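Try each task before you read its solution.

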Amino acid sequence: MPRLEPGMARIRVKDLRLRTFIGIKEEEILNKQDVLINLTILYPAADAVEVNDIEHALNYRTITKAIIRHVEENRFALLERMTQEILDLVMENPAVRYAEVEVDKPHALRFAESVSITLAAGSRACARWPRQCSARCCCTARRGRRSRWRNRSRSRRRPATSRA
């Protein structure tokens, strides 16, 4: 998981319990089962902290409702597929820089509490770039660091010597 940098926020949704059709056995196809979903979302929160307004924050309730709707209204053969589709839903929000989704299927194995799959995705694009990007924005800091490093490495190159 990426390091939490200044101006960024980490949202965690823990143990979101939903019922859906998940599995490949006949009984799993016919009967809904419980799944537990855990989300970790990183997004730039400097504006939300400063302004104290929901319009400047990532609305985790909206994201969670979309996940609930999607999971409960669909059928999945594999945990991997469900996890990827949930991750795709989270990453649709342009403010999300990084997300990690874990889906647990309780009692999937006889002697285990649960089986889980975790998938992650990241985005370096800033939803506010170029117009609304501020000096405190995460992407501005990263771009500045990268460009300074590139400039330094270019200036350290030795001039080409000609061999006659």
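**Exercise 1.** Which residues does S116 touch, not counting residues up to four places away in sequence?

*Solution.* A quick word on the ground rules: this is a predicted model, where local features need pLDDT of at least 70, side-chain atom pairs count only at pLDDT 80 or more, and totals for chains, interfaces and linings use all residues. Residues are numbered from 1 along each chain as its sequence is written, and side-chain values use heavy atoms, with hydrogens and water left out.

Step 1: take contact as heavy atoms within 4.5 Å. With residues up to four places away in sequence left out, S116 touches E102, V103 and D104.

Step 2: S116 sits in strand β5 (residues 114–122); strands here are DSSP runs of E with at least two residues, helices are runs of H or I with at least four, and both are numbered from the N terminus.

Step 3: check the distances. S116 and V103 are 13 residues apart in sequence, yet their C-alpha atoms are 5.3 Å apart. The S116 side chain also makes a polar contact with the side chain of E102, at 3.1 Å. (A polar contact is a pair of N or O atoms within 3.5 Å; within protein, one must be able to donate a hydrogen and the other to accept it, and residues adjacent in sequence count only if both atoms are side-chain atoms.)

Step 4: S116 counts as partly exposed because its relative accessibility is 33%; buried means under 20%, exposed over 50%, and partly exposed in between, with a 1.4 Å probe and protein chains only.

**Exercise 2.** Which residues touch the most other members of the largest nonpolar core?

*Solution.* Step 1: a nonpolar core is a set of buried Ala, Val, Leu, Ile, Met, Phe, Trp, Tyr and Cys residues joined through side-chain atoms within 4.5 Å. The largest one has 29 residues, and I37, L39, I67, I86, V90 and V103 touch the most other members. Two or more residues each come from β1 (8–22), β2 (33–44), α3 (60–73), α4 and β4.

Step 1: zoom in on V103. Beyond four places in sequence, V103 touches residues including V35, I37, I86, V115 and S116.

**Exercise 3.** How many salt bridges does the structure hold?

*Solution.* Step 1: look for a side-chain nitrogen of Lys or Arg within 4 Å of a carboxyl oxygen of Asp or Glu. The structure holds four such salt bridges.

Step 1: start with D34 and R17, whose side chains meet at 3.6 Å, N to O. D34 lies in strand β2 and R17 in strand β1, so this pair ties together parts 17 residues apart in sequence. R17, R19 and D34 are linked in a network of salt bridges.

Step 2: go on to K105 and E28, with their closest N and O atoms 2.8 Å apart. K105 is in strand β4 and E28 in helix α1 (residues 26–30), so the pair ties together parts 77 residues apart in sequence. Both K105 and E28 are buried.

Step 3: finish with R81 and E85, which meet at 2.5 Å, N to O. Both lie in helix α4, four residues apart, about one turn of the helix.

**Exercise 4.** What does the side chain of R97 reach at 3.0 Å?

*Solution.* Step 1: find R97 in the loop between α4 (79–91) and β4 (98–106). Its side chain reaches the backbone oxygen of A95.

Step 1: look for a charged partner, counting Lys and Arg as positive and Asp and Glu as negative, with His and the chain ends not counted. R97 is buried yet has no salt bridge, and D47, the nearest side chain of opposite charge, is 9.5 Å away.
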